[in-house]
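Here is a short briefing for a first look.

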Amino acid sequence: MNLLEIKNLKKSYGGLTVIEDISLSVAEGEVVSIIGPSGSGKSTLLRCATMLEKMNGGELTYLSEKAAWNGSDGKCVYAPSKDLKRIHGYYGLVFQNFNLFPHFSVLKNVMDAPVSVQGIPKAEAEKTARQLLARLGLADKADAYPCQLSGGQQQRVSIARALALNPKILFFDEPTSALDPELTVEVLKVIRSLAEQKMTMIIVTHEMQFAKELSDRIIFMEEGRIQAQGTPDELFSTENARVREFIGKLTN
Amino acid sequence: MLQQLGAGMVVSAEIFFLTLILSLPLGLVLSFGRMSKNRLIRAVSKVYISVMRGTPLMLQLMVVYFGPFYLFGIKITSSYRFVAVIIGFVLNYAAYFAEIYRGGIESMAIGQYEAAKILGYSKVQTFFKIIFPQVVKRILPPVTNEVITLVKDTSLAFVIAVSEMFTSAKAIAAAQTTMVPFVIAGIFYYVFNLLVAFVMEKLEKKLDYYR
Ligand SMILES: Nc1ncnc2c1ncn2[C@@H]1O[C@H](COP(=O)(O)OP(=O)(O)O)[C@@H](O)[C@H]1O
Ligand SMILES: [Mg+2]
C-alpha cells in the first residue's frame, strides 16, 4: 500500500506558480530524496503535503484516506477537520531550523505532544521519550533547554519530537542546511539509522553522497516540476544534462 | 494623621491590584480583537485603543463617574466613586496592555505555530502552551514600565474624590498646614515602585532559564 499519494498537485502564490503539476507516490518503507536548485519548489511541495499550505489543485491521500481532492468548482476541497486530525497523525515534519519550543526542556519538547495531543499517560510518554532520546544519543540532555544545545543536538531533539508521535511517514526539509559541516554528520547518522529501521521518509537535501547511499529513489525538481527521478544509480548516471550539471556542482 | 494616610495607602493599593488583575486579562482579549480576522472587530478595537491612549486618564475617570448622571440621569451614589475609579483604570490600562500583548504575539516566529500544527496541537493549546508563555517573557519589560506608571497614576483617583493616598495627603496638608503628608506620600509611592521593580526583576530572572 502507498502511504502517501499526491496527484496533480498545483500551488501558486498570487500570480506566481510554484508547483506546476506534481504527482508522487511513496510506498511503505521507502526512502525518497528530493533534490533540486533553490527556489524549485521543494519546500512548497513538503508544505503542501503536510498541509501547512493549502493546495490550489490536486489530490492528497495518506494510507488510502483522502485528505484533499478537486471539488466540482475547480477548487481544492479538504476533508472534514475530524478526518484531517487523524490524517495529521500519520506524518511528521522535521524543519530546517528545528523550531523547538525554547521554553520547554528537551524532555518536555519530546513528550508534551504525545500527552497533550494523543492523550498518552504522562509516565508512559516520559518513558518513551527517554528511550528515544537515548537512541539518538541525547540521554544526558533530557533536562537541558534547547538554547543550551548545539545545532546538531537541537536537530536530533526535533527528530525525537517527531518520532515520539509514532508517525508512519517522516518528512525532512533540508535537515542539515542550518548546521556546520561537523554537526551535519551526527544528524545524517540518525536519519541513516531510521532508514535501516525501514522508516518511510521523504527528505529534501543537498547532501548528494548521503542521498545516493540512503535513498530508494531520488527525485530531481526544477521549476515546480519533477524533471527526473529514479534509483540513485539511474539518476547519478543519467543523460539528462540539467541533472548531471546539478549533481556535478554539488558533489565536488 | 498616620491613620488617615494609612487608610489612603490601602485604597491606593486596592486600586493598583484590582486594576492589574482585571486589565491584564481584558487587555489580552482586546489584543485578540485588535488582531481579529473580522474587519469590524479589528476596527472597533483599534479606535477604542487609540481613544483610550490618546485622551487623559483623568478625563476618562470623570466620564465614567459623571457619565451615568449626565447621559442617563442616574443618581450617582458615593459608593460608586470607587467602582468608577476601577472601571476607568481597567478600561484605560487594558488598552495599553493590549498593544503590548499584540507586539509580543506578532513578534513570535511563524515556525513555532507551524511546529505546533504539525505536532497536532489545537489552536487553543498552541496559544496557551506554546505562544503565550514565550510572549510573557518578551513583554515583561514594557509591562514593568506600565505597572510603575500605574502606581503613580493611582493618585489620579483624587479627581473624583476617592480617598486614596494622595487625596488624604492633600486634605491633611491643607488642614494642618504641613508638608509632612506629602513627604510621606512621596515615600509611599517610591517604596511601592521599588517593590514593583523588585518583583518584576524576580519574574524576569525566573524566566531567564531559556534563550
Ligand atoms: N509564502 C510564499 N509567498 C510567496 N512566494 C513564496 C512563498 N513561499 C515560497 N514562495 C516562492 O516559491 C518558490 C519556491 O520556493 P520553495 O518551495 O521554498 O523552494 P525550495 O525549497 O526548492 O528552495 C520561490 O520562488 C519562493 O520565492
Ligand atoms: Mg526549501
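A polar side-chain atom of Lys42(A) lies 2.8 Å from an oxygen atom of ligand 1, a polar contact (a pair of N or O atoms within 3.5 Å). This is a predicted model: local features need pLDDT of at least 70, side-chain atom pairs count only at pLDDT 80 or more, and totals for chains, interfaces and linings use all residues. Residues are numbered from 1 along each chain as its sequence is written, chains are lettered from A and ligands numbered from 1 in the order in which they are written, and side-chain values use heavy atoms, without hydrogens and water.

**Ligand 1**
- Ser43(A) also places a polar side-chain atom 2.8 Å from a ligand oxygen.
- Gly41(A) uses a backbone N or O atom, 3.0 Å from an oxygen of ligand 1.
- Taken alone, ligand 1 exposes 560 Å², and the protein buries 59% of that (Shrake-Rupley method, 1.4 Å probe).
- The residues around ligand 1 include Tyr13(A), Val18(A) and Pro37(A) (a heavy atom within 4 Å).
- That shell divides into three nonpolar, six polar and one charged residue, with Gly counted as polar.
- Helix H1 (residues 42-49) of chain A gives the largest share of the shell, three residues (helices are DSSP runs of H or I, at least four residues).

**Helix H4**
- H4 of chain A spans residues 122-135.
- Its buried residues are Ala125(A), Ala129(A), Leu132(A) and Leu133(A) (buried is under 20% relative accessible area, exposed over 50%, 1.4 Å probe, protein chains only).
- They sit on the same side of H4(A), because they cover an arc of only 95 degrees around the axis (taken from the directions from the helix axis to the C-beta atoms).
- The face turned away from the buried side of H4(A) carries the exposed residues Ala123(A) and Lys127(A).

Terms used:
A polar contact is a pair of N or O atoms within 3.5 Å; within protein, one must be able to donate a hydrogen and the other to accept it, and residues adjacent in sequence count only if both atoms are side-chain atoms. Helices (H or I, at least four residues) and strands (E, at least two) are DSSP runs, numbered from the N terminus. The expected span of a helix is 1.5 Å times one less than its number of residues.
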